[in-house]
Structures are given as C-alpha cells and as structure tokens.
Amino acid sequence: MSQADLSIHAQVSRTGATETMTEPTFSVPAKKMAMWLFIIADSATFAGCLVAYGFIRNATPDWPRPFHSITNVAIMTLILLTSSLTMLIGVRSAEQGEKAKAFRFTMITVALGILFAVLHIREWMGMIGEGATLFRNPWGTPLFSSLFFSITGLHLLHVTGGVIALIAVGLKYQGGRYNADDLEITGLYWHFVDLVWMFVVPLVYLLNLAH
Amino acid sequence: MTTAADSKHSTGMGKDLIVYVCLLALAGIQFFIAYQNISTSQMFVRMMSVAVIEAGLALLFFMHLSENRGLKWFVLIFTVAVVLGMQYGWSDSFRLLDGVPWAH
C-alpha cells in the first residue's frame, strides 16, 4: 500500500466514513428491515382489497346484511388480540434470556392462532351450510360472498402462514439456531396480522350486521 | 447495529398490558357502534376512526415503531401515501350508484 493510500485510509477511519457506509438503514438490522418492507407491501395488498370491497359495497344497491350475531367474531377478536400480547411476552422473555418462557409463550401464541383459524373455518362452514359460496349468495348479490370469502380467506392465509412461521422459528430458537432477534421479527409479522383484523372486522362483519 | 438482545425496548410489560386493555376497549367500542341506530356512512366513519387509533397503538407499542423515529416516518409516509392514492375511485362508486342508466 502506497503512502497516499495509507493517508486516505487513515482519513476515512478518522472521519468515521467507513462506519457510516456499513450502518444499516434507520439503524435497523437487515432482516428486520426486510420484514418491515414486507409488512408495508402487504398492507398495500390488504388496503387494495378493502378499498375494492368498499367501492363495490357502495356501488351495489341492496347490499345484504346477513350477520345476526357478532359473538363468534368478538371471540375471534379477543383471541387474536390476546395472541399479540402473548407474542410480546415471548419476545421480551427472549430478550431477557429466558429461553424456556420465550418458547412457552411463542407456543401459546401458536395455540391461539390455531384456535382463531378453527373458529374462522367453523364460521365459514356455517355460511357454506346456508348456501353461500365464492360464486353464490343466498341473501342477494353474489359479490357479497365473493368479497367476504376472498378478504377473510386472505387474512386466514396470513394467520396460517404466521402459525407455521412461529412454530418453525420457535423450534429453531429453542434448538439454539435462532436468537431473540429472529423471534422479534416473526412477532412483527404476527402483530401485523392482528392489525389487519382491526380493519377487516368493522368493514366485513360489523357493517353487514342485520338490524 | 441495534439488536434485540442489546437494545432492551424502553417500554415495560406494564405499558404493554395497558395498550392491550386499550385495544380491547377500542374493539368493544367498534362492536358498540355496530348496534347504534345511525346511517351506514356515519357508522363507517366512526368505526374507521377507532380502527386507525387501534392500528396506531399496535404499530407504536406492539411493533415498537415509537422507538425508531426514522423508520416510523418511513412506514407512516409510505403507507399513508399508498392508502390515500387508492381513494381516487370513490367518486366513481357513487356514479355507479346514482348516475348510470341501470342505477336504482
């Protein structure tokens, strides 16, 4: 290395430019940033679906209001919100090095996610039993059933994916291959699934409640 | 680089519980609004307002966005811009309802 090169290298080190170049965006680790970018993109997907639903609902006269009870959806909401809390406890435990507690609460979150999915499918089966399918709606316009099954199905797909991801990451965390960061990143996704449900419930269920 | 192990989120478990109870209460308000004798548009506005507050709480405290200012603004500006951009079609949905020959 020449004297000039050494001088430049020393200058770069002194100004801290080398550190600046390797500093991650917003001081967020790359894996976490990737999850945030996914969440932003996925929120655009859900927003697109919900806005399309709103457009069609608004433009369709005599939109059906087939829901008579909100008990099931209230229980589902309670389960999903509670699962977010158990996920938080799991992540905090992992950060404090309490591995067993972190794994236990991650698996409680998984159990709540499965319970949510079971209740969701039970509700679907009830509606299918009344004659509603993706292309048929006994209460009026078929668009209602198409949108209902598409939006809730997309959300259920996310819940299922989240449950699988939590099991995989939880087991690898327990085995020592993954650390608290990985658990936190999966937790971010789980909270996002919960966040989307906060918009799905009023738009798809509560606004279609029979009075 | 900030990692989960060394950063120690500034919010405690107590705050998480408060946020959880607030979210439950807000969800309860949404269900209460559903039984009010008001027009669909009023119901929509009220429910969406509550949903936005719920989403904000979840983002800031459950997803720890409040602890990273740069990321918070990045997520907020991008998401709000995209969501607002999707609102251009509402006027057309009213046209379909009232302004076309097959409208009721």
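Residues are numbered from 1 along each chain as its sequence is written, while chains are lettered from A and ligands numbered from 1 in the order in which they are written. Since the model is predicted, local features need a pLDDT of at least 70 and side-chain atom pairs count only at pLDDT 80 or more, whereas totals for chains, interfaces and linings use all residues.

**Chain B and its confidence**

Chain B holds 5 helices and 0 strands, where helices (H or I, at least four residues) and strands (E, at least two) are DSSP runs numbered from the N terminus. An automatic or database domain assignment divides chain B into domain 1 (10-67) and domain 2 (69-104), and the centres of these two domains, taken over C-alpha atoms, are 22 Å apart.

The pLDDT, which is the predictor's confidence in each residue from 0 to 100, averages 84 over chain B, with 84% of the residues scoring at least 70. Over residues 1-7 of chain B, however, the pLDDT is below 50, although this stretch has 15 contacts in the model beyond near neighbours in sequence; two residues are in contact if their C-beta atoms, placed from the backbone, lie within 7 Å. For the complex, the predictor gives an ipTM of 0.84 and a pTM of 0.86.

**Where the chains meet**

In the model, 40 residues of chain A are in contact with 43 residues of chain B. The elements that give two or more residues to this side of chain A are helix H3 (30-59), helix H4 (71-95) and helix H7 (180-205) of chain A, and the largest share, 11 residues, comes from H7(A). The table divides that side of chain A by class.

| Class | Residue types counted | Side of chain A touching chain B |
|---|---|---|
| Nonpolar | Ala, Val, Leu, Ile, Met, Phe, Trp, Tyr, Cys, Pro | 27 residues |
| Polar | the others, Gly among them | 8 residues |

**The largest nonpolar core**

A nonpolar core is a set of buried Ala, Val, Leu, Ile, Met, Phe, Trp, Tyr and Cys residues joined through C-beta atoms within 7 Å, and a residue is buried if 20 or more other C-beta atoms, placed from the backbone, lie within 10 Å of its own. The largest such core has 64 residues, and those with the most contacts inside it are A:Val200 and B:Ala58; its largest share, 17 residues, comes from H7(A). Leaving aside its neighbours within four places in sequence, B:Ala58 is in contact with A:His191, A:Asp194, A:Leu195, B:Leu23 and B:Met63.

How values were computed
A residue is buried if 20 or more other C-beta atoms lie within 10 Å of its own, exposed if 12 or fewer, and partly exposed in between; C-beta atoms are placed from the backbone.
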